[in-house]
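Here is a briefing on local packing, ring contacts and backbone angles in one protein model. Keep the sequence and the coordinates open as you read.

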Amino acid sequence: MKPTVYFTRDLTPAAMLRLYGALGVKLEGKVAVKLHSGEPGNQNFLRPDFMKPMIDHVGGVIVECNTAYDGGRNTTHAHKITMERHGWLSAAQVDILDETDDMELPIPNGHVIQKNFVGAHLAAYDSLLVLSHFKGHPMGGFGGALKNISIGIASSRGKQYIHGAGDMEKFWDADHDSFLEAMADAAWSIHNRFQGRIAYLNVMKNMSVDCDCCAVAADPKIGDIGILASLDPVALDQACLDLVYASQDPGKADLIERIESRNGVHTIEAAAALGIGSREYELATLD
């Protein structure tokens, strides 16, 4: 059977709860909630008031990892200051997963990398809720569920390893498609670790061509589309791409150019080839 991707045009916290309920999964134990804290200066990241009802519903802990580049999130100290200023520390408990160390996850059949370095605190969690802001990205073309569980959960060292396609010396200079495949490999390690205990929601709002990691980001040109949820991150990201292409908004050209110029779909192709999920899906609209 094709995986189901649930969709609503209702961009509200209540809609997120409805979509999560439609998934029919109950995340149990200690629940990590992966989201993007937003680089200082970024105007497009999703705010805590939008995410908090969903986080509270699962009794989750917000988890993040430090960046591998200079900025307001490259150390735990700086990251927590940013998260406080952005309102995350008052919204829920926060855990910087690589605050003390990282740990290695195996990827035996990876396209490019055979291991992934993630924040060591990840070992303390039983379930994972992935709340992703779907938008463009300067290197990946787009960011969605697959990027959020790969680069997003990788430790600072792990981010360098993925970007370098296994060679940290090539942090910014690796073969581009190899970098995209390394992201898919890293995503496999997280999806596999939490198999049956992981759920995904993508929010198609404030869809700049730039990531929330950009301190200076372009304003969105395409209008908001809605929220999607699935247990399959490949189907979920594919559905988001399909909705962008199907949009009647002329502003979509801006985002499509970013996706296509970076061959963004290749991350989805590589993830599907690894067996993470399916590019074919059934879209169930809950409006």
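The model is predicted: local features need pLDDT of at least 70, side-chain atom pairs count only at pLDDT 80 or more, and totals for chains, interfaces and linings use all residues. Residues are numbered from 1 along each chain as its sequence is written, and side-chain values use heavy atoms, with hydrogens and water left out.

- Helices (H or I, at least four residues) and strands (E, at least two) are DSSP runs, numbered from the N terminus.
- Helix H6 is mostly covered, with six of its eight residues buried. Buried means under 20% relative accessible area, exposed means over 50%, and partly exposed lies in between (1.4 Å probe, protein chains only).
- The buried residues of H6 are Ser156, Gly158, Lys159, Tyr161, Ile162 and His163.
- These buried residues pack against S6 and H7. Contact means heavy atoms within 4.5 Å.

**Rings and charges**

- The model holds three aromatic pairs. Rings of Phe, Tyr and Trp (its six-membered ring) pair if their centres lie within 6.5 Å; planes under 30 degrees apart count as stacked, over 60 as edge-to-face and the rest as tilted.
- One of the pairs is phenylalanine 117 with tyrosine 161, edge-to-face at 5.2 Å centre to centre and 80° between the planes.
- Phenylalanine 117 lies in strand S6 (residues 115-119) and tyrosine 161 in helix H6, so the pair ties together parts that are 44 residues apart in sequence.
- Phenylalanine 117 and tyrosine 161 are both buried.
- The ring of phenylalanine 117 also has the charged end of arginine 157 over it, 3.9 Å from the ring centre. A charge sits over a ring if NZ of Lys or CZ of Arg is within 6 Å of the ring centre and within 35 degrees of the ring normal.
- Lysine 30 lies over the face of tyrosine 125, at 4.8 Å from the ring centre.

**Helices H8 and H9**

- Helix H8 (residues 233-246) packs with H9 at an angle of about 135°, their axes 9 Å apart. Axes are lines fitted to C-alpha atoms, for helices over the stretch in contact, and angles run from 0 to 180 degrees between N-to-C directions.
- That angle makes H8 oblique to H9. Angles under 35 degrees count as roughly parallel, over 145 as roughly antiparallel, 65 to 115 as roughly perpendicular and the rest as oblique.
- On the H8 side, the contact residues are Leu241, Val244, Tyr245 and Ala246. They meet Lys252, Leu255, Ile256, Ile259 and Glu260 in H9.

- Alanine 165 has a positive phi, near 50°, and is not a glycine. Its place is the loop between helix H6 (156-163) and helix H7 (176-193).
- Alanine 165 counts as buried, at 18% relative accessibility.
- Asparagine 263 also has a positive phi, near 55°. This residue is found in the loop between helix H9 (252-261) and helix H10 (265-273).
- Asparagine 263 is partly exposed, with a relative accessible area of 28%.

**Leucine 105**

- Leucine 105 is found in strand S5 (residues 102-106). This leucine is buried, with a relative accessible area of 5%.
- Leaving aside neighbours within four places in sequence, leucine 105 is in contact with Gln114, Lys115, Asn116, Val118, Ser189, Ile190 and Arg193.
- Glycine 59 is 46 residues from leucine 105 in sequence and 26 Å from it in space, C-alpha to C-alpha.
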